[in-house]
Amino acid sequence: MPLSPNLRGAVFMSVSMAGFTMNDTLVKLASVEMNMGQVMLVRGLFASALIGLLAWHQGALKKPRFALHPMVAVRAMGELGATFFFLIALAHLPIANVSAVLQALPLAVTMGAAMVFGEGVGWRRWLAITTGFAGVMIIVRPGLEGFNIYALSVLLCVAFCAVRDLATRRIPETVPTLLISTVTACVVTICGAFLVAPLGGWASMRPGAVGLLASAAVLLLFGYHFIIMAMRGGDISFIAPFRYTALLWAILLGFLVFGDIPDAAMIAGATIIVGSGLYTLYRERMVGKQLPAAQSTSPAMAPDGM
C-alpha cells in the first residue's frame, strides 16, 4: 500500500536526518588530520559546487540580485558562526552529545521569535523552553568537570543557528531557497579559507581524507533534498517531530564508529530536550498556527554549512 503524505514525509525527514548525521560523522573522522578551517574550505568547495549546480538546474540563480537582501547576509553570518562552533565541538566531543544539545534549536527559535519579533508564546511553551534548556545544562554540566570550552561551543552553535533561522523567516518568499543555500555555502567556504592559517595552517591531505569530505558534501545535498521532499506533502506538525531522529542516528553512529556510549546525564538531558520540543510542537498544533518550532524543519532552514 502507498504511504500517506504524512507517513511519507516522516520517512523522508528521517532519511534527511540520517544524511546530515552521516555527514557529521565523516567530518569528525576527517578532523583528526586537519583543522576546522581546512575542513570548512575543502568540504565547502564540494558542497558549494553541488548546491550551485542544483540551484542553476532549478533556475534559482536567474536573479542574483536577490542575494543582496540584508537578511540573506544575516542568515549567512549566522550559518558561518554555527558551522564554525559546531565543527570545533564535533572534533572534541561525542557526536551524540553535540546532537543532543542541537535538538534544543526549535526551543531557541521559539524564544527568539518571542523576544525579537514579539510573537505570542503562552506560558506553557515558556515552561517547555525553560525545561528544555535545563536539559541542555544537564548535558553540558556547567561548573562540573565535564564542562569545557567545547561544551560552550555547542551552546554558541545553537545561538548562531537561532539567528540564522530567525533571519530566514524575514527573507521574502520571492528569494529562491536554493539561491540562499548557494550564497550561504559559498560564504562558509570563503571564510574557511581565511581560517586555515590562524587555526594552524594547511595540513597535507591523504586521498582518503579528501574522499571523506567529498562524501560529506554529497550527504549534505542528500539530506537537503530529502528535507525538501519531506516538507512538500503532509502536515508540518506531524512531520516536524521526526527531526529528532537525528539524535538516534547520532547515538548509533557514535557507538559504531567511535565507540562512544552515552552516559546517564546525556540520556537524561536529551530526553528532557526532546520531550520539551515535542510538547512545544504539540502546543503549536493546538493553537492552529505554523509557529517557530515547526518551521525549524523547513527546507530554508536546512543546515547548509554544517
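This is a predicted model: local features need pLDDT of at least 70, side-chain atom pairs count only at pLDDT 80 or more; totals for chains, interfaces and linings use all residues.

Residues are numbered from 1 along each chain as its sequence is written, and side-chain values use heavy atoms, with hydrogens and water left out.

**Colour by confidence.** pLDDT is the predictor's confidence in each residue, from 0 to 100. The protein averages 87, and 92% of the residues score at least 70.

**Select 8-140.** An unreviewed UniProt entry annotates this span as "domain: EamA"; UniProt positions are given in the numbering used here, feature names are shortened, and annotations may be inferred rather than shown by experiment. The span is 80% helix and 0% strand, with its end C-alpha atoms 35 Å apart.

Residues 179-203 are 68% helix and 0% strand, with end C-alpha atoms 32 Å apart. For residues 240-258, the figures are 74% helix, 0% strand and 29 Å.

**Zoom to Ser-16.** You'll find Ser-16 in helix α1 (residues 5-30). Is Ser-16 buried or exposed? Its relative accessibility is 0%, so Ser-16 counts as buried (under 20% relative accessible area; exposed is over 50%, partly exposed in between; 1.4 Å probe, protein chains only). Leaving out residues up to four places away in sequence, Ser-16 touches Gly-223, Phe-226 and Ile-227, where contact means heavy atoms within 4.5 Å.

**Jump to Ala-217.** This one sits in helix α9 and is buried, at 1% relative accessible area. With residues up to four places away in sequence not counted, Ala-217 touches Arg-43, Phe-46, Ala-47 and Leu-50.

**Last stop: the second largest pocket.** Show Leu-54, Gln-58, Leu-178, Ile-228 and Arg-232, which lie nearest its centre among 11 lining residues. A pocket is an open set of points on a 1 Å grid over the protein atoms alone, where a 1.4 Å probe fits, with protein on both sides within 12 Å along at least five of seven lines; lining residues have an atom within 4 Å of a point. Helix α9 gives the most to this lining, three residues.

Key:
Helices (H or I, at least four residues) and strands (E, at least two) are DSSP runs, numbered from the N terminus.
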